[in-house]
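Have a look at the model below and turn it around a few times. Then read on for a guided walk through some of its parts.

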Amino acid sequence: TNKVTIGLIPADGIGREVIPAARQVLESLPKSESSPQFNFIHLDAGFEHFQKHGVALPEETITRLRGECQGALFGAVSSPSHKVAGYSSPIVALRKHLDLYANVRPVASVAGSGQKQLDMLIIRENTECLYIKQERIETDANGQKVAYADRKISEYASRRAGQMAFNMALMRDKLRSQVPASERLWQGKPKVTIVHKSNVLSVTDGLWRETVRSVKENNPQAYGGVDMDEQLVDSMVYRMFREPEAFDVVVAPNLYGDIISDGAAALVGSLGLVPSANVGDHFVVGEPVHGSAPDIAGQQKANPVAAIRSAGLLLEHMGYAADAAKIYQAVDGVLREGQIKTPDLGGKSTTQEVTDAICKRL
Ligand code: NAD
Ligand code: MN
């Protein structure tokens, strides 16, 4: 059998409601010869853990992830908007510790749901840009404060993100070829859209753009079949809202990728629907795109779909694509039926009721 140990890190807020939901779905997967047998271990992290114990990402969590787990699911963390001495976001640290260099974020409408149709995959570079958090404050000649932040863009990280984008474009094309043409949202050649702002930031975003472009240019045998275009980040937002069907794979530096994916979530109806996977060469962490949602935490109002789909992505990137597909189909089935849904989608069902409905379909 394929024994798989998954670290569960619910962390803060609705993370504590949606991670148990994702676990329940994984446990409800029908057993087959090739499907994994799960062992789950609970691991601590988050702002509440920091408030109690003075540390947001305990050493033990990293050690056990590295030593015992093949993958993990992360809920969400509450990061205050004001500076708290000694605190920094554990998920940002975890991505660094485990070298999870790409954040893969599929955003797709459910066929037959009456929504604007789109099927895009956002690849967010996950290790640098402004998230290196090299900030400092100085005082100017008038005694007023001036704050600066360094932004890092490396050829190395840009190339890895670019390669992930082109590889995922080919992978999606292969999967699409297996569904009838009439059911495919994307009809053309696979496409990678590079997001940047190198008309203004010609050095940093200039290097990003050049490097991602060179991934295709230097490897025509592998990527010749993938179209490449580019979009300035501001017009990217505009076009994405007006014609989201124009995008297949979108690759962006860390901050732009973060912002674009929340915007894309609005197009499919809720942040509570959009999953992600933090992917490295040796480890995967599934993680819903949303945060800890303190406004609805502890009320069974959280939509568990983003976390459940993140569990699917985790399986997919661990090599269990068939099991992942079963999760996606069960989720789509419940969404298409439209009876059982949480308040973010206009329904009255609880987190548990949605989870049970998905499990029942499995
Ligand atoms: P948020 O994503 O937590 O919430 C934004 C809005 O979407 C809220 O109205 C919330 O109720 C709703 N929402 C989010 N997830 C939902 C779900 N599953 N079901 C139903 N509704 C959902 O973003 P925010 O309010 O800007 O931030 C709250 C906290 O989360 C902050 O402390 C922030 O730092 C943190 N955050 C963490 C992560 C992460 O863990 N990766 C990401 C974003 C924000
Ligand atoms: Mn975000």
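Gly312 is found in helix H10, which covers residues 305–317. A quick word on naming: helices (H or I, at least four residues) and strands (E, at least two) are DSSP runs, numbered from the N terminus. Keep in mind that this is a predicted model, where local features need pLDDT of at least 70, side-chain atom pairs count only at pLDDT 80 or more, and totals for chains, interfaces and linings use all residues. Residues are numbered from 1 along each chain as its sequence is written, while chains are lettered from A and ligands numbered from 1 in the order in which they are written.

Is Gly312 buried or exposed? Gly312 counts as buried because 28 other C-beta atoms lie within 10 Å. The rule here is that a residue is buried if 20 or more other C-beta atoms lie within 10 Å of its own, exposed if 12 or fewer, and partly exposed in between, with C-beta atoms placed from the backbone. Leaving out residues up to four places away in sequence, Gly312 touches Ala324, Ile327 and Tyr328. Touching, or being in contact, means that the C-beta atoms of two residues, placed from the backbone, lie within 7 Å. Gly312 and Gly286 are 26 residues apart along the chain, and their C-alpha atoms are separated by 8.3 Å.

Helix H10 also holds Glu316. Glu316 is buried too, because it has 23 C-beta neighbours inside 10 Å. With residues up to four places away in sequence left out, Glu316 touches Ala321 and Ala324. From Glu316 to Val354 there are 38 residues in sequence and 22 Å in space, C-alpha to C-alpha.

Most residues other than glycine have a negative phi, and most peptide bonds are trans. Ala11, in strand S1, has a positive phi near 60°. Ala11 is buried, with 27 other C-beta atoms within 10 Å. Ala293 sits in the loop between strand S12 (284–286) and H10, and its phi is positive as well, about 40°. Ala293 counts as buried, with 23 C-beta neighbours inside 10 Å.

On to the sheet. How many strands does the open sheet have, and in what order? There are 10 strands, in the order S2-S1-S3-S12-S11-S4-S5-S10-S8-S9, with mixed pairing. Strand S2 (36–42) and strand S9 (227–232) stand at the edges with a single partner strand each, so one side of each has no neighbour in the sheet. From one strand to the next, the twist averages 25°. Helix H6 (residues 204–217) packs on the sheet and touches strand S8 (191–196), S9 and strand S10 (249–252), and its direction makes about 165° with that of S8. For such angles, axes are lines fitted to C-alpha atoms, for helices over the stretch in contact, and angles run from 0 to 180 degrees between N-to-C directions.

Here are some strand pairs side by side. Two strands pair if DSSP finds at least two bridges between them.

| Strands | Direction | Bridges | Opposite residues |
|---|---|---|---|
| S1 and S2 | parallel | 7 bridges | Lys3 and Gln37 |
| S5 and S10 | parallel | 4 bridges | Leu121 and Val249 |

Strand S5 (residues 119–125) is mostly covered, with 6 of its 7 residues buried. Gln37 in strand S2 counts as exposed, because it has 10 C-beta neighbours inside 10 Å. In the hairpin of S6 and S7, 5 residues lie between the strands, and Gly143 takes a positive phi near 80°.

Last stop: the ligand and the overall layout. Which residues are closest to ligand 1? They are Ser79, Gly272, His290, Gly291 and Asn303, out of 22 residues that surround ligand 1. A residue is near a molecule or strand if its C-beta atom, placed from the backbone, lies within 6 Å of it. By class, this shell has 11 nonpolar, 9 polar and 2 charged residues. Ala, Val, Leu, Ile, Met, Phe, Trp, Tyr, Cys and Pro count as nonpolar, Asp, Glu, Lys and Arg as charged, and the others, Gly among them, as polar.

The chain is divided into domain 1 (1–100 + 290–362) and domain 2 (116–267), with bounds that come from an automatic or database domain assignment. The C-alpha centres of domain 1 and domain 2 lie 25 Å apart.
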